[in-house]
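Please open the structure in your viewer and keep the sequence panel beside it. This tour goes from one selection to the next and says what is found at each stop.

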Amino acid sequence: MAAELVEAKNMVMSFRVSDLQMLLGFVGRSKSGLKHELVTRALQLVQFDCSPEVFKKIKELYETRYAKKSSEAGQPQPQQHRSPEALSIHSSYDRGSTVARTSISTPNIDYPALYGKYLNGLGRLPPKVVKPEVRLVKLPFYTTLDELLKPTELVPQNNEKLQESPCIFALTPRQVELIRNSRELQPGVKSVQVVLRICYTDTSSPQEDQYPPNIAVKVNHSYCSVPGYYPSNKPGVEPKRPCRPINLTHLMYLSAATNRITVTWGNYGKSYSVGLYLVRQMTSAELLQRLKTIGIKHPELCKALVKEKLRLDPDSEIATTGVRVSLICPLVKMRLSVPCRAETCAHLQCFDAVFYLQMNEKKPTWMCPVCDKPAPYDQLIIDGLLSKILTECEDADEIEYLVDGSWCPIRAEKERSCSPQCPILVLGSSDVNGLLPTPNGNGENGKATADVVDLTLDSSSSEEEEEEDEEEDDDDDGPQPKRRCSYEKGLVSAC
């Protein structure tokens, strides 16, 4: 093959412009340009795409030009019989590379520069097309240890609506040991698991788990439970099914024996792919600890963010002097303990990382409870500034950030007590401080008086006491109006 390659190059070097144009036109390459450009293009063709048809065409053109000499001997014409326009070529190959390094020399022409430019230009052959693979999104609660089966498309075998796709594999001794020695999340559920993941066959982006219709998974001789549908109370709304990795560990042979998995699925036009993975399932407490280790944003960076939020917009006619942030978690209406939010969120309000992770452990949605936008685990940060404020401000449920990055607590005003603006009479006693019960009825000035109620008694006894204590006041000041008061018996307050 190397001898044929050298022979083809020598033939090409002896070609005239018309021969070079015929060769390049034969393979669909550009025929325009000067002779040295055509030679470089033809050498590139020989070097990287010298198929039997191309070699045959080169030999045909050469024999047409040198018919007599080539008929006598099947070797290329010696140098003295070549066209005066011929060039000299020296090739050397690097065993560590599939690309030959070729040096071309001729007076007044910088062929190495032209050749290098050609290699990096359109003349380079297109790389081998590799079909992209289906990728699944990373799940925060699952750490992948091994890929047992790459995502493989479920191909229907016939025209039936219900299809079956089997898969046979065996675990290695190391994988079996990992499963056996892993801790239990709950009785019978190991943290290291073999899980089955199913998604759409789409290579444009990482895919989320998606079950096909009528799915059923059989491991060896037993069917594996698959998450069911969420009930829907709204009329006309189809129930939703949580599509998660399916744990197959408890039905597998933890030995050198092979395991058979059969996926039954409905063939209704959409294409699905399945993959098998050895994973370690994480808990919300473990994710919280990891977030506290690597996800805390320094208070000074948070302070700079506050300043940026409150920076005066020159196009705005309204100057923002501060922004209020609640210290109550919007998820559970309790005081924040670990304030966090997504790095992509535009707001300063935080939610509690503890409850957020626990909720997504049960039903993963990863949506911010403040702005209802995606807040995946990889984008969560702990607000270092608000964490510091929570320790320093324990008697307020809300703070206000100011334009300089400082903050001040906002304490709710206590409800004002309805203190009367006159002396409180002692109720239920006529001899305390020498005060007599206030009479009821019209006084000397004909003014109506109010009832006095002792709230220490029940309603029936209060009414009876009012009727018994009605007397006329003989003082010159006239009758004193009776007032309702909610104070305890025996207390006297002055204005």
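**Stop one: salt bridges**

Nine salt bridges are counted, where a salt bridge is a side-chain nitrogen of Lys or Arg within 4 Å of a carboxyl oxygen of Asp or Glu. Before you select any of them, note that this is a predicted model, in which local features need pLDDT of at least 70 and side-chain atom pairs count only at pLDDT 80 or more, while totals for chains, interfaces and linings use all residues. Residues are numbered from 1 along each chain as its sequence is written, and side-chain values use heavy atoms, with hydrogens and water left out.

Select Asp 19 and Arg 16, which form a salt bridge whose closest N and O atoms are 3.6 Å apart. Asp 19 is buried, at 7% relative accessible area, whereas Arg 16 is partly exposed, at 37%; buried means under 20% relative accessible area, exposed over 50%, and partly exposed in between, computed with a 1.4 Å probe and protein chains only.

Next, select Arg 183 and Glu 286, whose side chains meet in a salt bridge of 2.7 Å, N to O. This pair links distant parts of the chain, 103 residues apart, with Arg 183 in the loop between helix H7 (173–181) and strand E5 (184–186) and Glu 286 in helix H8 (residues 284–294). Helices (H or I, at least four residues) and strands (E, at least two) are DSSP runs, numbered from the N terminus. Arg 183 is partly exposed, with 38% relative accessibility, and Glu 286 is partly exposed too, with 27%.

Now select Glu 343 and Lys 297, where the salt bridge is 3.3 Å from N to O. Here again the pair links distant parts of the chain, since Glu 343 is in the loop between strand E15 (339–342) and strand E16 (351–352), and Lys 297 is in strand E13 (residues 296–297), 46 residues apart. Glu 343 counts as partly exposed at 46% relative accessibility, but Lys 297 is buried at 18%.

**Stop two: helix H4**

Select residues 52–65, the 14 residues of helix H4, which at 1.5 Å a residue should span 20 Å, and whose end C-alpha atoms are 20 Å apart, in agreement. The expected span is 1.5 Å times one less than the number of residues in the helix.

Which residues of H4 are buried? They are Val 54, Phe 55, Lys 57, Ile 58, Leu 61 and Tyr 62. Looking down the axis of H4, you will find these buried residues within an arc of 160 degrees, so they line one face of the helix; the arc is that of the directions from the helix axis to the C-beta atoms. An α-helix has 3.6 residues a turn, so residues three or four places apart point the same way. If you turn to the other side of H4, Pro 52, Glu 53, Lys 56 and Thr 64 are exposed.

**Stop three: cysteines**

The structure holds zero disulfides, a disulfide being a pair of cysteine sulfur atoms within 2.5 Å. Select Cys 368, which is in no disulfide and has its nearest cysteine sulfur, that of Cys 371, 3.6 Å away. Cys 368 is buried, with a relative accessible area of 0%. For Cys 393, also in no disulfide, the nearest cysteine sulfur is that of Cys 408, 9.5 Å away; Cys 393 is buried at 2% relative accessibility.

**Last stop: the whole chain**

Finally, select the whole chain, which has twelve helices and 19 strands. Of its 495 residues, 34% count as buried.
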